[in-house]
Amino acid sequence: QVQLVESGGGLVQPGGSLRLSCAASGSIFRINAMGWYRQAPGAQRELVATFTSDGITNYADSVKGRFTISRDNAKNTVYLQMNSLKPEDTAVYYCNARVLSYRSAINDYWGQGTQVTVSS
């Protein structure tokens, strides 16, 4: 089993910044992909930014140039630096990890979600 623990959400004014963190722990042989998704009220969950195991990053067009995903492989942790936040960034942000276990099984895991609210 794998656990994802998120932190760093909160309330911020438009134009402000927040940094999210997500640490994975448990039965992890290798993390194939890890990143962030978000879900606003009444909307579907959408990709924000992700890392592949090769280090390739993928960003939603709406966050390019404002958000930066980074990682610490030794700690199985990813970060999301969010700058120039807009009200439309308001959502619950979920960490996701696609993990290869020691039993050669690949599974997707989700964090509990952290609320990000951008409002004046």
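Modeller: Buried means under 20% relative accessible area, exposed over 50%, and partly exposed in between (1.4 Å probe, protein chains only). This is a predicted model, where local features need pLDDT of at least 70 and side-chain atom pairs pLDDT 80 or more, while totals for chains, interfaces and linings use all residues. Residues are numbered from 1 along each chain as its sequence is written, and side-chain values use heavy atoms, without hydrogens and water.

Biologist: Why is Arg 98 called partly exposed?

Modeller: Its relative accessible area is 40%. That lies between 20% and 50%, so Arg 98 is partly exposed.

Biologist: What makes Arg 98 and Asp 108 a salt bridge?

Modeller: The rule asks for a side-chain nitrogen of Lys or Arg within 4 Å of a carboxyl oxygen of Asp or Glu. Here the closest N and O atoms are 2.7 Å apart, so the pair qualifies. Asp 108 is also partly exposed, at 38%.

Biologist: Where in the chain do Asp 108 and Arg 98 lie?

Modeller: Asp 108 is in strand S10 (residues 106-110) and Arg 98 in strand S9, ten residues apart. Strands are DSSP runs of E, at least two residues, numbered from the N terminus.

Biologist: How many salt bridges does the whole structure hold?

Modeller: Five. One of them joins Asp 61 to Lys 64, with N and O 3.1 Å apart. Asp 61 has 63% relative accessible area; that is over 50%, so Asp 61 is exposed.

Biologist: What makes Asp 89 and Arg 66 a salt bridge?

Modeller: Their closest N and O atoms are 2.8 Å apart, and that is within 4 Å.

Biologist: Why are the rings of Tyr 37 and Trp 110 called a pair?

Modeller: Their centres are 5.2 Å apart, within 6.5 Å, and their planes stand at 70°, over 60, so this pair is edge-to-face. Tyr 37 lies in strand S4 and Trp 110 in strand S10.

Biologist: How do you know that the charge of Arg 45 sits over the ring of Trp 110?

Modeller: The charged end is 4.6 Å from the ring centre. The rule needs NZ of Lys or CZ of Arg within 6 Å of the centre and within 35 degrees of the ring normal. Arg 45 also lies over the face of Tyr 94, at 3.7 Å.

How values were computed. Helices (H or I, at least four residues) and strands (E, at least two) are DSSP runs, numbered from the N terminus. Rings of Phe, Tyr and Trp (its six-membered ring) pair if their centres lie within 6.5 Å; planes under 30 degrees apart count as stacked, over 60 as edge-to-face and the rest as tilted.
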